[in-house]
Structures are given as structure tokens and as C-alpha cells.
Amino acid sequence: STGNKKALSLALMFSRFPGLIILDEPGLSLDIFRRRHQEKLIKSLIRTKKPNVMFATNDIGEASFLGRN
């Protein structure tokens, strides 16, 4: 499924400890429950790995949540 592919993609990206992460519509095509879970996962990984992150999204709620410390 699309959600599983996105989850795998995120896991692979964070496993490499990149210095810069670009997320283009990370919640697109996900149901609300999977989207919220993914947002929490991304937030947690950003806090622990501390990469530089650039978000591209049209969802103001997603931008607000992921942009807050």
C-alpha cells in the first residue's frame, strides 16, 4: 500500500543519518490515522537525529505540527 511504501521510505532515509531531509507532502495519500502516526514518527526522529529539514506541504495542520519544537 501507499502508506507502507511511505513508512519504508522514511525508515530508510532516517537509517542513513542524513544531514538534510526534504519531505514533499509526507502525509499525502494517507488516511488520517496513518498520517497522525507518521507525523509523530517524523517528529520523534527529527528530535533524536537533529537533521536539517525542509517541508513542502499544502496542509497547514501538518506544517504547524511538524514545524513546532
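Helices (H or I, at least four residues) and strands (E, at least two) are DSSP runs, numbered from the N terminus. The model described here is predicted: local features need pLDDT of at least 70, side-chain atom pairs count only at pLDDT 80 or more, and totals for chains, interfaces and linings use all residues. Residues are numbered from 1 along each chain as its sequence is written, and side-chain values use heavy atoms, with hydrogens and water left out.

The chain holds three helices and two strands. Read from the N terminus, its elements follow the order α-β-α-β-α. The radius of gyration of the chain is 11 Å, close to the 11 Å that the globule rule gives for 69 residues, so the chain is as compact as a globular protein of that length. This radius is taken over C-alpha atoms, and the globule rule is 2.2 Å times the number of residues to the power 0.38. Along the principal axes, the C-alpha atoms fill a box of roughly 30 × 25 × 15 Å.

Burial was computed next. A residue is buried under 20% relative accessible area, exposed over 50%, and partly exposed in between (1.4 Å probe, protein chains only). By this rule, 29% of the 69 residues are buried. The accessible surface of the chain is about 4,900 Å². Carbon and sulfur atoms account for 58% of that surface. Accessible areas come from the Shrake-Rupley method with a 1.4 Å probe; for residues, only the protein chains shown count as cover.

Contact means heavy atoms within 4.5 Å. Among contacts between residues at least 6 apart in sequence, 63% join residues at least 24 apart. The chain carries 12 positive and 6 negative side chains. Lys and Arg count as positive and Asp and Glu as negative, while His and the chain ends are not counted. The centres of the two sets lie 9 Å apart. Each charge is placed at NZ of Lys, CZ of Arg, CG of Asp or CD of Glu.

In soluble globular proteins, nonpolar side chains tend to be buried together. A nonpolar core is a set of buried Ala, Val, Leu, Ile, Met, Phe, Trp, Tyr and Cys residues joined through side-chain atoms within 4.5 Å. The largest such core in this chain has nine residues: Leu10, Met13, Phe14, Ile21, Leu23, Ile42, Leu45, Ile46 and Leu66. Helix 1 (2–15), strand 1 (20–24) and helix 2 each supply at least two residues of this core. Leucine 23 is one of the core residues. Leaving aside neighbours within four places in sequence, leucine 23 is in contact with Leu10, Met13, Ile42, Val53, Met54, Phe55 and Ala56.

Glutamate 39 is buried, because its relative accessibility is 4%. Beyond residues up to four places away in sequence, glutamate 39 touches Glu62, Phe65 and Leu66. Lysine 43 is also found in helix 2. At 9% relative accessibility, lysine 43 counts as buried. Arginine 35 and arginine 68 are 33 residues apart along the chain, and their C-alpha atoms are separated by 17 Å. Not counting residues up to four places away in sequence, arginine 35 touches Gly27, Leu28, Ser29, Leu30 and Asp59.

Serine 29 sits in the loop between strand 1 and helix 2. Serine 29 has a positive phi of about 70°, although it is not a glycine. With 55% relative accessibility, serine 29 counts as exposed. Leucine 30 lies in the loop between strand 1 and helix 2. At 10% relative accessibility, leucine 30 counts as buried. Leaving aside neighbours within four places in sequence, leucine 30 is in contact with Thr2, Gly3, Lys6, Arg35 and Gln38. Leucine 30 and methionine 13 are 17 residues apart in sequence and 19 Å apart in space, C-alpha to C-alpha. Lysine 50 lies in the loop between helix 2 and strand 2 (52–56). Lysine 50 has a positive phi of about 55°, although it is not a glycine. Its relative accessible area is 66%, so lysine 50 is exposed.
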